[in-house]
Amino acid sequence: MKHIPCTFLIIVVLLHSLNLDAQTKNKDEIYRPKIHFSPKEKWINDPNGLVYYKGVYHLFFQHHPGSSVWGPMHWGHATSNDLVQWKHEPIALFPDSIGTIFSGSAVVDMNNTSGFGMNGRVPLVAIYTQHDESGEKAGRNNFQNQSLAYSLDNGKSWKKYSGNPVLKNPGIRDFRDPKVMWHGSSKKWIMSLAAADRIIFYSSPDLKKWTKESEFGESAGAHGGVWECPDLFSLQYNGKHVWVLIVNINPGGPNKGSATQYFLGDFDGKRFSPNSTNTKWLDYGPDEYAGITWENTGKRKIFLGWMSNWLYANVVPTETWRNAMTIPRDLKLVKVGNEMFIASEPVKEIAKIKSTPVVVSNISLSKAFDLSTKTGKVKLPCLLNLALENSNDFSITISNDKGEELQIGYDKMNNQYFIDRTRSGKTDFQNEFAARHTAPRFAAGSKMNLVLLIDVSSVELFADDGLTVMTEIFFPNQPYNRIYIQSSNAAFIKSLEYYTLGK
Ligand code: FRU
């Protein structure tokens, strides 16, 4: 055999691996959401440090820049002027000698209570958990502590506080995810912190010295897993403040794995008093987690969740990038009878990327209705608005030419919405992924409205003006390009609007 020069072989091997990389990348790109935030590359989980300042929405997030599976956490960063188009920014916070950078929040310290401000520049202050892996491995209990970093250039660059950590662990293994807000009537910062099976509230005049005020939740709500990522804020109802405490939980969600529960009640600057200790879920689907709201948006409260579930987040079938965020959602309070709920809807800014709609009225579902007869081949992402007259069983099937499909619908007998992804495409990467998930209908009356936001690998259902919400991800082997709607007992669609979504 002729002698093959070594450099030639190296080049061949290199080209081959580049080609493989390109193939993986292309394969992954078919699942990259088009209207949801996803990382340029590698792993993401929880949204962090959501803060609005000077016309810019900041989104920090749990990020492992070295791999597509969870690992030493950093705060990645993205910004947006409209919550719809996101710009990738450099990593904001890197691990240091105190630990890696776990979840937390950010505030605008308008009055410079922290003293970080200089020459009239308003500090943005990030409050986050530092996770000391070596302490955890050594079997200690105090490996999670709370630290600060600040920015004097409107969130572009961050400096860590030299006095970190500012809130030391009293010996609780799960002691993390500080969400801080300014409490106007007591003129103090309030931190909600997840501590295993409860939330601990702390107060501070300056974000540096923290005093424990109270605990909530040991015997309230769902306890099928550890409590994480809380958020405390108020929403207006008929001109009155109602306090909301969001508590994420993993596992123990209504459809297995991780999920977001909330409580409504009162907060007096020290103590949270719930109206009821029953659990309510902000999103019943399996794929909204660690959801929290933006700071500094006035009366408007905008919520964002991580669009995955700890059951399978590390093994979903993408490799170059992994996981995304939900669509940002506006929260409001709604009463059904005497009971109050949070309702969510996609932020109104979505209107910017909506096409002119195809509108179809009075569709009788005595036989299946194929949307493409009105729209031509269905294109994702899209938004569907449906108004139904009689709340009978129906299902909306989104499918591809391979016969893979996702079903979304309503089951009248059980008064439940459902999303079934058992035949949605790739499902075998984890044994609980292929499942049918359900959510109760809370709205009364037979008129029903649905908003469906369908991206290339996710669907978000907002039923009854957002009283029941479900988020699900899916991975078809070929893009979905068909939508048809059917009913086993002749449901009737008063009107349907179909919008394609694009930038
Ligand atoms: C929630 C969570 C947080 C933690 C972070 C670590 O998904 O487990 O409690 O701070 O993720 O990445």
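**Ground rules.** I am working on a predicted model, where local features need pLDDT of at least 70, side-chain atom pairs count only at pLDDT 80 or more, and totals for chains, interfaces and linings use all residues. Residues are numbered from 1 along each chain as its sequence is written, and side-chain values use heavy atoms, with hydrogens and water left out.

**Strand β14.** Buried means under 20% relative accessible area, exposed over 50%, and partly exposed in between, with a 1.4 Å probe and protein chains only.

I then looked up its partners (two strands pair if DSSP finds at least two bridges between them). Strand β13, residues 226-237, pairs with β14 in the antiparallel sense over 11 bridges. The two form a hairpin with two residues between them. In that turn, Asn238 has a positive phi of about 45 degrees. Strand β15, residues 259-267, is antiparallel to β14 and joined to it by seven bridges. Val244 stands opposite Phe233 and also opposite Leu264 in β15.

**A six-strand sheet.** I traced an open antiparallel sheet in the order β23-β34-β25-β30-β31-β32. Its edge strands are β23 (358-364) and β32 (468-473), each pairing on one side only. Within the sheet, β25 (382-388) and β30 (448-455) pair over seven bridges. There, Asn385 stands opposite Val451.

**Ala490.** I found Ala490 in the loop between β33 (482-486) and β34 (492-500). Ala490 is partly exposed, at 40% relative accessible area. Leaving out residues up to four places away in sequence, Ala490 touches Leu365, Asn390 and Asn392 (contact means heavy atoms within 4.5 Å). Asn390 is 100 residues from Ala490 in sequence, but the C-alpha atoms are 9.1 Å apart.

**Two domains.** The domain assignment gives domain 1 (43-346) and domain 2 (354-500); the bounds come from an automatic or database assignment. Their C-alpha centres lie 31 Å apart. I get 28 residues of domain 1 in contact with 26 residues of domain 2. The area buried between them is about 2,300 Å², with 67% from carbon and sulfur atoms. Tyr284, Met307 and Pro317 supply 23% of the area that domain 1 buries against domain 2, more than any other three residues. Buried area is the accessible area (1.4 Å probe) that two parts lose on being put together, summed over both.

**Salt bridges.** The rule is a side-chain nitrogen of Lys or Arg within 4 Å of a carboxyl oxygen of Asp or Glu. It finds three across the interface of domain 1 and domain 2. Lys256 bridges to Glu432, with the closest N and O atoms 3.4 Å apart.

The structure holds 30 salt bridges. In one of them, Lys179 and Glu295 have their closest N and O atoms 2.8 Å apart. Lys179 sits in β9 (175-183), and Glu295 in the loop between β18 (289-293) and β19 (302-306), 116 residues apart. Both are buried.

Asp206 and Lys209 bridge at 2.5 Å between the closest N and O atoms. Asp206 counts as buried at 10% relative accessibility, whereas Lys209 counts as exposed at 53%. For Glu215 and Lys212 that distance is 2.7 Å. Shared partners join Asp197, Arg198, Lys212, Glu215 and Glu218 into one salt-bridge network.

Notes. Helices (H or I, at least four residues) and strands (E, at least two) are DSSP runs, numbered from the N terminus.
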